[in-house]
Amino acid sequence: MHRSELNIDLAALRRNARTLLHALAGSELWAVVKANGYGHGASDVAGAALGAGATGLCVATVPEGLELRREFSTTRIVVMGPAGSNREVGQARDAALELVVSSDEIPPGVRVHVKLDTGMGRWGLSELRAPPFEVVGLMSHLATADTDAAYAEWQIERFRNATAAYTHLTRHIAHSAAALRYPSSRFDAARCGIALYGLSPFGTDPGEDGLEPVLSWTSYLAQCRLLRTGESTGYGRRFIAERDTWIGLVPVGYADGFRRDLTGTQVRVAGELRPVVGTISMDAFAVELDRELPIGTPVVLIGRGMLAEDHARIADTITYELVCGISSDPARARRVVVDG
Ligand SMILES: *Cc1c(COP(=O)(O)O)cnc(C)c1O
């Protein structure tokens, strides 16, 4: 038996893409598949998103773009992060990747999107001068669409004003949260990641926005044992049994991406919610049970009723970071892609 199984449901991804396309009401959907498709597998999710109507792919680095180019020979691929070197600029040119630039220096012969800083305070020009002809797009990025609507609307208006003279270029500012909640952010295209994966950009139940989680992560009880009163489990004795307590051991730990700060979250053991107790180890964690259960009993870590958003809240992070951190190394987890 594998220590754990990652299941990627491409039919759910396609339904999420259609939900986004519906919200975008005519603007293009570009699928953001950086960081190996947020841990879901870039090539699988790119194919499914394009099949459902997405018209472009966005990645963070030139190597990520080159990898996808081998499989998607004619699709628009936008590299959103800075090229690492002149060599990478040359590779992008040869592979017809589009680059994002945040300065007045436009590398020759490459299609580029100029990035404006409208309030993120990260990459981007603070002022737009007349873009040279290699420029195909103008873009910006929102800082607060999930937390501060007024600031997001202000950024969108700044972008609209700064780019008003260049409506012949492809203008794009929306990410998932904006695509779902801010009609004013649509322009020509939206760069959507998290919502495609069926995770909420707002940290709430994704069902509220019509989204379905694409990834599920399951394991099993590899051992079940009785802790006597006063006995403990795991490093640092963080859990000490106050009464005789059954615990189950799950062969997944922080090296698999089940983070150390998930102590106190819940997982589903034989369908029932059970608390994760004690310190999470590199390769295992413990759950508190209410009875002895057989070895091999299924444990659902994420998906199938276990929201990644609930784990994120416990770990004081966002689902983006949780799913990017799940290891799909075949030595640790079996990855299964289902379609239909
Ligand atoms: C990652 C990223 C996105 C996608 O954001 P989501 O919230 O996952 O939709 C869009 N634009 C840029 C510039 C990004 O870096």
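Let me start with what I mean by a helix: helices are DSSP runs of H or I with at least four residues, strands are runs of E with at least two, and both are numbered from the N terminus. One thing to keep in mind, everyone, is that this is a predicted model, where local features need pLDDT of at least 70 and side-chain atom pairs count only at pLDDT 80 or more, while totals for chains, interfaces and linings use all residues. Residues are numbered from 1 along each chain as its sequence is written, and side-chain values use heavy atoms, with hydrogens and water left out.

Let's begin with helix α1. This helix covers residues 10-24, so 15 residues by the DSSP runs. From first C-alpha to last, α1 reaches 21 Å, close to the 21 Å expected at 1.5 Å a residue; the expected span is 1.5 Å times one less than the number of residues. Just after α1, Ala25 takes a positive phi of about 45°.

Which residues of α1 are buried? Among them are Leu10, Leu13, Arg14, Asn16 and Leu20. Buried here means under 20% relative accessible area, exposed means over 50%, and partly exposed is in between, using a 1.4 Å probe and protein chains only. The buried residues of α1 pack against several elements, including β1 (4-9), β2 (28-32) and α3 (42-51), where contact means heavy atoms within 4.5 Å.

Now over to helix α6, residues 149-163. Its buried residues are Ala152, Gln155, Ile156, Phe159 and Thr163. Seen down the axis of α6, these buried residues fall within an arc of 100°, so they line one face of the helix; the arc is that of the directions from the helix axis to the C-beta atoms. On the other side of α6, Ala150 and Asn161 are exposed. The buried residues pack against β7 (135-139) and β8 (170-174). This helix has a cap too: a side-chain oxygen of Asp148 lies 3.2 Å from the backbone nitrogen of Ala150, at the N-terminal end.

On to charged pairs. A salt bridge is a side-chain nitrogen of Lys or Arg within 4 Å of a carboxyl oxygen of Asp or Glu, and by this rule the count comes to 21. One of them joins Arg313 and Asp310, with the closest N and O atoms 3.1 Å apart. Both lie in helix α8 (residues 308-314), three residues apart, about one turn of the helix. Arg313 is exposed, with a relative accessible area of 53%, whereas Asp310, at 33%, counts as partly exposed. Elsewhere, Arg3, Asp256, Asp283 and Arg332 are linked in a network of salt bridges.

Last stop: the ligand. How many residues surround the ligand? There are 13, and the closest are Lys34, Tyr38, Ser176, Ile194 and Tyr320; a residue is counted if one of its heavy atoms lies within 4 Å. A polar side-chain atom of Lys34 lies 2.7 Å from a ligand oxygen atom, and one of Ser176 lies 2.5 Å from a ligand oxygen atom. Gly193 takes part through its backbone, with an N or O atom 2.9 Å from an oxygen atom of the ligand.

How values were computed
A polar contact is a pair of N or O atoms within 3.5 Å; within protein, one must be able to donate a hydrogen and the other to accept it, and residues adjacent in sequence count only if both atoms are side-chain atoms.
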